[in-house]
Amino acid sequence: MIHPIPSGTRDVLPDEMRELRAITEALLGVFEQAGYGEVYTPALEYETVLARAALADARPAYRVFDENGEVLVLRSDMTVPIARVAATRYAASEPPLRFCYFAHAYRGVRPQRGQAREFLQAGIELIGSPAPQGTAEAVTVLCRALDAVGLRRYRVGLGDASLYPALLDGLSVPDEDRARLLEELARGDFVGLENELRGLRLGEEQIELLLRVPQLRGGQDVLDAPAGPVADAVAGLRRIRDLLEPQVADRVIFDLGLSRGIGYYSGAVFEVYDPALGMPVGGGGRYDDLLGRFGRPLPAVGFALGVDSLHLALAAEERER
Amino acid sequence: MSSNGLVIAVPRGALFKDTLDRLERIGIDVGEARTNDRKLVFADGTLITMRPTDVPTYVAAGAADVGITGKDVLMERDEGPAVRASHREVYELLDLGYGRCTMVLATIAGPDPAAEALRRLGVVRVATKYPRIATAHFEGTGRQAEIVEVKGSVELAPLTGLVEAIVDLTATGTTLRENNLVIREELGVCTARLIANPVAHKLQARAIDELVERLREA
């Protein structure tokens, strides 16, 4: 008899499980050594808890009612549950707090390679450590973790979620036009972005700036180029760079157009790329305003890696060696 | 001159000749692709040819670094904000300008059968190869529609009474006229677009930026 399982989920059998376990063990070793204690939280949370955060593209998709009629959701990410844990269980603890996790999250995506509806995330959260030190620590742990897994060709894209909004501020683009511009940028539609910009009352020079800046990406020279409205965000990236060890800094691609589809990021954001895989392996960033929504205002930063994506990238790298 | 080591996905069909012309103008060797319509991979694997609807699939997965396809194909793939998911499928980098077509709503000439169906039956039946674009258009204008997806000649559907209207792409309008159909609404203009894989866009930034510049000027 063949009994099906829901679309976007899958069974893992022993040969694959051994390889996945080797990856998570390597990650756990690095996280533990860096002082990040493992936590686990319920897969089901009250909808009102996750609704405190602006999850945007990562919002929960699956809901059930409990016996009291409360709405429960399957968590769509681990950062918000850990923010809840930090505010609830560590209300009086001296920061910084360091947590790591290996947990499944659930999203209503169209199932395809690297996009499952149930997926295992491995990550850390560093709570109470502000920019730039906290960000540099997270990026350093990230690179150590990827090295430990055995990836050789990965790169880390580093940008700032506040950069483009600051640029729009600086050029006095009205609030009502911003959402559409940010949407085009988040979708990576630069043709659409140009069309939207040409529909606004902006000078040719301003349009050129708004199109060019989000496409600036590459080595450190990216940080030398623009100033003006984005000076603060770029200076922030420069401060992170100055704190990175050379072998970590060598992995970094500075990307002034980097934006992630999650709303709670407030400052530096990063994404992990491997040339063997067509989509990011993971990512993270600063969420300095999220803990405040749970009543414990603390700056924070974290990242999550898709364990299946890591596995795919590793297998592809090994094939190409 | 080469493709800078980038794998380029090239659409066969209506955009094929203009695409090869444009690539040739920036110095990419397209000679064999022009003459051999059975082979799929050219120029040491840097030029791969496929149906236009497959271009975003190859580029999104990273099997090609960049590709060229019609805006209609990209619009039809867009599942809307609800399913747009947590990652960008492809980056859209450049409007190449050629392959200009208009997405239209058309019906049989004379009194508008779509308007009559909406008035009397509350819903209009619409045949199309672009179910998502058609659905979004009718939802966006507050009208109820039954979308009928067809694979072949869409013009046949209203002539046989299968539907009252069609949503389709037209360049000159000749096929519509020859089948006694008239354009009632224009949904948008579609041209050829250069798209890139999001990871390639970061890891091969210089090669991609240079390709964009050369194509923009060609």
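Helices (H or I, at least four residues) and strands (E, at least two) are DSSP runs, numbered from the N terminus. The structure is a predicted model, in which local features need pLDDT of at least 70 and side-chain atom pairs count only at pLDDT 80 or more, while totals for chains, interfaces and linings use all residues. Residues are numbered from 1 along each chain as its sequence is written, chains are lettered from A in the order in which they are written, and side-chain values use heavy atoms, with hydrogens and water left out.

Within helix α10 of chain B, Glu210(B) and Arg214(B) lie four residues apart, about one turn of the helix. They form a salt bridge (a side-chain nitrogen of Lys or Arg within 4 Å of a carboxyl oxygen of Asp or Glu), with the closest N and O atoms 3.7 Å apart. Glu210(B) is partly exposed at a relative accessible area of 37%, whereas Arg214(B), at 16%, counts as buried; buried means under 20%, exposed over 50% and partly exposed in between (1.4 Å probe, protein chains only).

A salt bridge also joins Glu185(B) and Arg143(B), at 2.9 Å from N to O. Glu185(B) lies in strand β10 and Arg143(B) in the loop between α6 and β8 of chain B, so the pair ties together parts that are 42 residues apart in sequence.

The contact between the chains (heavy atoms within 4.5 Å) takes 32 residues from chain B and 29 residues from chain A. Five salt bridges are found across this interface. In one salt bridge, Asp255(A) pairs with Lys202(B), the closest N and O atoms being 2.7 Å apart.
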